[in-house]
2 protein chains.
Amino acid sequence: MNVLQNLKWRYATKAMNGQAVPQEKVDYILEAIQLTASSSGLQPYEVLLITNPELKAQIRKAAYDQSQITDASHVLVFAAWDQYTEERVNSVFKRNNEIRGLDDSATDAYRTRLLTMFNAQTQEQNFNHAAKQAYIALGSALVAAAEQEVDSTPMEGFDNEALDEILNLKEKGLKSVLVLPLGYRDTTKDWLVNMKKVRTPKEELITQI
Amino acid sequence: MNVLQNLKWRYATKAMNGQAVPQEKVDYILEAIQLTASSSGLQPYEVLLITNPELKAQIRKAAYDQSQITDASHVLVFAAWDQYTEERVNSVFKRNNEIRGLDDSATDAYRTRLLTMFNAQTQEQNFNHAAKQAYIALGSALVAAAEQEVDSTPMEGFDNEALDEILNLKEKGLKSVLVLPLGYRDTTKDWLVNMKKVRTPKEELITQI
């Protein structure tokens, strides 16, 4: 299937049937996340891959009892950096330069400009910027999952602080931003599965100038 | 190419050669944006498609003189709703229900909960939430463009207020969040084209629990 067919096939699955997603499909989706673009290539988030049933049950409680979390075989949690620090940013530039065979001096001006910009922001602005990058990865993950004919449900609706607590994110300098259960639709229980996909019409969404 | 191959092929093109992207490829990328998931299906943004050379020159000025903006044949600007209003949210629910043949009463409880949540937020929180949804669409657009072998450069680095002014976004209740030039790489001028793609290693990015 091509990208448009993938996007048409997928929907925010409301009921999953418990069937396990094969590991190679999960790995494929994770690789799509890993390869996703991010601002200055910082990839300012981590992804937690949860399969433990007890942990999933706890997450479900923090996510207003949405059943997909326990009926999915794998749950991804995207957790963004709570702020940009010199250490974090420098470490990305260091790795890039090592792999590309560049001297650090080649990127020092850009790195310094970036740090100055982040330092001038509040911690909340830093976090919001980092969180947005995770949304680009969500975009890739949704297309990749559909290509693998794996169902998924992008979720923002959960108690972020409760989830941070469950996953000990605070001590890692992370804050949860998105939850993405991966599994298979339960066509007998899912009220959305046979509904028409509705999108903003092109003439409203897009303006040519 | 599959999604992973698309993601490997693409990169943030630093120099474009002026060659025009065929309209059907632009339409394909726009349709991928249109089909992208968003929170509660609100799609709280618009996309401006700019081909006018004078306008591109103005945008380039507002974007720290990045040459891709004038050397791309098409420039997309993602502009998010400046806030969620009852009118905007109701209009999405009304359209969905009409197309799905549902009575508005079927979604009233959910719609009311959503409005209560947005009303409890500051206008900036509303805008940030809307802006994030545009980043999911960016994720789809990058994969779709690569599938069409169209180069692109996701940009956050521009003077948002200047761009809002150029495109009269304020009066439409919109604020610019992302710029995406579409075109073709100039392999003789692009310093990044032959650099290795570097990503956070899986063992750092992903934690299995």
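**A walk through the model**

Author: Thr153(B) sits in the loop of chain B that runs between strand E3 (151–152) and helix H8 (160–166), where helices (H or I, at least four residues) and strands (E, at least two) are DSSP runs numbered from the N terminus. This is a predicted model, in which local features need pLDDT of at least 70 and side-chain atom pairs count only at pLDDT 80 or more, while totals for chains, interfaces and linings use all residues. Residues are numbered from 1 along each chain as its sequence is written, chains are lettered from A and ligands numbered from 1 in the order in which they are written, and side-chain values use heavy atoms, with hydrogens and water left out.

Reader: Is Thr153(B) buried or exposed, and what is its relative accessible area?

Author: Buried means under 20% relative accessible area, exposed means over 50%, and partly exposed lies in between (1.4 Å probe, protein chains only). Thr153(B) therefore counts as buried, since its relative accessible area is 2%.

Reader: Which residues does Thr153(B) touch, not counting those up to four places away in sequence?

Author: A contact means heavy atoms within 4.5 Å. With residues up to four places away in sequence not counted, Thr153(B) touches Ala12(B), Thr13(B), Met16(B), Gln68(B), Val179(B), Leu180(B) and Pro181(B).

Reader: Where is His129(A) found, and which residue of chain B does it touch?

Author: His129(A) belongs to helix H7 (residues 123–147) of chain A, and it counts as buried because its relative accessibility is 12%. Leaving out residues up to four places away in sequence, His129(A) touches Ser39(A), Tyr84(A) and Phe118(A), and from chain B Glu156(B).

Reader: How do helix H5 (residues 86–100) and helix H6 (residues 108–119) of chain B pack, and what is the handedness of their crossing?

Author: The axes are lines fitted to C-alpha atoms, for helices over the stretch in contact, with angles running from 0 to 180 degrees between N-to-C directions; here the axes are 11 Å apart and the angle is about 155 degrees. Angles under 35 degrees count as roughly parallel, over 145 as roughly antiparallel, 65 to 115 as roughly perpendicular and the rest as oblique, so H5(B) and H6(B) are roughly antiparallel. Among the residues that make the contact are Phe93(B) of H5(B) and Leu114(B) of H6(B). A crossing is left-handed if the near helix is turned anticlockwise from the far one by less than a right angle and right-handed if clockwise, and the crossing of H5(B) and H6(B) is right-handed.

Reader: How many helices and strands are there in chain A?

Author: Chain A has 209 residues, of which 56% are buried, and its C-alpha trace spans about 60 × 50 × 30 Å along the principal axes. From the N terminus on, the elements run α-α-β-α-α-β-α-α-α-β-α-β-α-β. In chain A there are nine helices and five strands.
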